[in-house]
Amino acid sequence: MKGIRSRLVFYFGMILLLIVLVLEGLFYWAVHTYYFGTATEALETRSTTFTNFINKYATGYRLKDKARYILENVSSQEYAKIEVLDLNGKVILNSYGFQTGELIQTSDVTDAIRGQKGRFVGRTPHSRERVIAISNPLTFGSEYVGVLRYTISAEPLYQAVNRIALYGLSVGAGVVLLAFALSLLIAKRIVDPIEDLTKAAKQMAEGNFTARAPKRYDDEVGTLADTFNYMAAEIGKNEKLKNDFISSVSHELRTPLTSIKGWGETLISGGLEDPEETMLGLEVISKETDRLIGLVEELLDFSKFQSGEMKLSRELLDVREILDDMRVQFAIRAQEKQMNFQVTLPSSPLTVMGDRNRLKQVFVNLLDNALKFTPKGGTISVTATASEGRLTVTVADSGEGIHPNDLPHVTEKFFKGRSKLSGSGLGLAICKEIVHLHAGRFLVSSKQGQGTSIMVELPLALAPTLAVNPPAD
């Protein structure tokens, strides 16, 4: 029941089934009331009429005489059972001519003994047969001397009511089945356009920004299709803008090139006679060259990721070696900024199946960012741990942190954030892609003004060849 179609059919069917059940209940109650009401009313009319006749024309008869008189004057077409009872509820005589002596104490008899007309619908105490009984008081003069009781079996009425109810239930079942069939048709008309939208969305997710959803009906789903197609067009435009941006990034190459060219001409024109000016120019050229190389490499890497051409040269390697290299490579820069730079590694190997250069690229980028965004006197720590077959490397700093609104987007391509020190917006995105290619996880957490922590998690690999050498004797 995961799909909209099945849920629509189920809920629509359940609602209709509930309605049918309620209507069936009301129908059963109405039929029951009609049949039993009609039978009870007819029985009550005959009983009251005959009782009034006996009380009027047999006033001088004692109870036993009244009973014989009643038996003699009962119509041959009377289908009800007639009984004469004394004031104790004992049967004196019935219409079959028997003196059963049965003691009847149902509510109708009790009411009649008190001088009121009584009615009873229920089961007899002995046979448990369902009956309808009407009892009226018999008089001798002004005194109540007995009870005249009319009784008919209610079993035929119950059978008739149940039979009619069964017919109604059959009709209700047919209505429910028809409704389920109609709900399938309605669900199909509702779900098919949504499935078209889903297919178009999947095509867009795969990079086909020309995919469009057909508009079947001029309704809410049709409006959704129009909105989706508008969104697809906008995404296509954004994709074109992104590609244009990549092209425009090349203009950023002009800045370092201009600096390099300018200082080169300055050094040439100066004849390399001023040592300080020469050293300053060479430093600028070196820095701008590094910047230029980094920008070009980021663009090349991004191009490879976009085209799916990024290939990893996997080998068994110990990540501790890469992190040791990072310790040496960034120690001088950290010392120049008077930072506390710590690298904590376990004694056992951290063996993974990965690309050494690409993983080194990740950690270089992370440490470079940490140094860039951490002020003088701050702290940068690199910690590596292994647990449950996973390697976790955490690079943490006490820098300026990331703005909460920027944090969810820092690993998105071309996102530069609010910091003035942001680069091309590709560094963390490329790092995340490299980690994912290694079947790992890349998580960023940060609090503005307190620092940033980036966790790289990779699957460990068994590597006997890289095991720690046993200590020498």
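## Model and confidence

The model is predicted; local features need pLDDT of at least 70, side-chain atom pairs count only at pLDDT 80 or more, and totals for chains, interfaces and linings use all residues. Residues are numbered from 1 along each chain as its sequence is written, and side-chain values use heavy atoms, without hydrogens and water.

The protein chain has a mean pLDDT (the predictor's confidence in each residue, from 0 to 100) of 80, and 86% of its residues reach 70 or more. Confidence is highest in strand β10 (residues 390–397), at a mean of 93, and lowest in helix α6 (residues 254–270), at 71. Helices (H or I, at least four residues) and strands (E, at least two) are DSSP runs, numbered from the N terminus. Over residues 463–473 pLDDT stays under 50.

## Helices α1 and α4

Helix α1 (residues 4–57) packs against helix α4 (residues 155–205) with axes 8 Å apart and an angle of about 160 degrees. Axes are lines fitted to C-alpha atoms over the stretch in contact, and angles run from 0 to 180 degrees between N-to-C directions. α1 and α4 are therefore roughly antiparallel (angles over 145 degrees).

## Two loop residues with positive phi

Most residues other than glycine have a negative phi. Glu 388, not a glycine, has a positive phi of about 55 degrees. Glu 388 lies in the loop between β9 (379–387) and β10, and counts as exposed at 79% relative accessibility (exposed means over 50% relative accessible area, 1.4 Å probe, protein chains only).

Ala 439 also has a positive phi, near 60 degrees. This residue, Ala 439, sits in the loop between α10 (427–437) and β11 (441–447).

Methods: Contact = heavy atoms within 4.5 Å. Buried < 20%, exposed > 50% of the residue type's maximum accessible area, 1.4 Å probe, protein only. Parallel < 35°, antiparallel > 145°, perpendicular 65-115°, else oblique.
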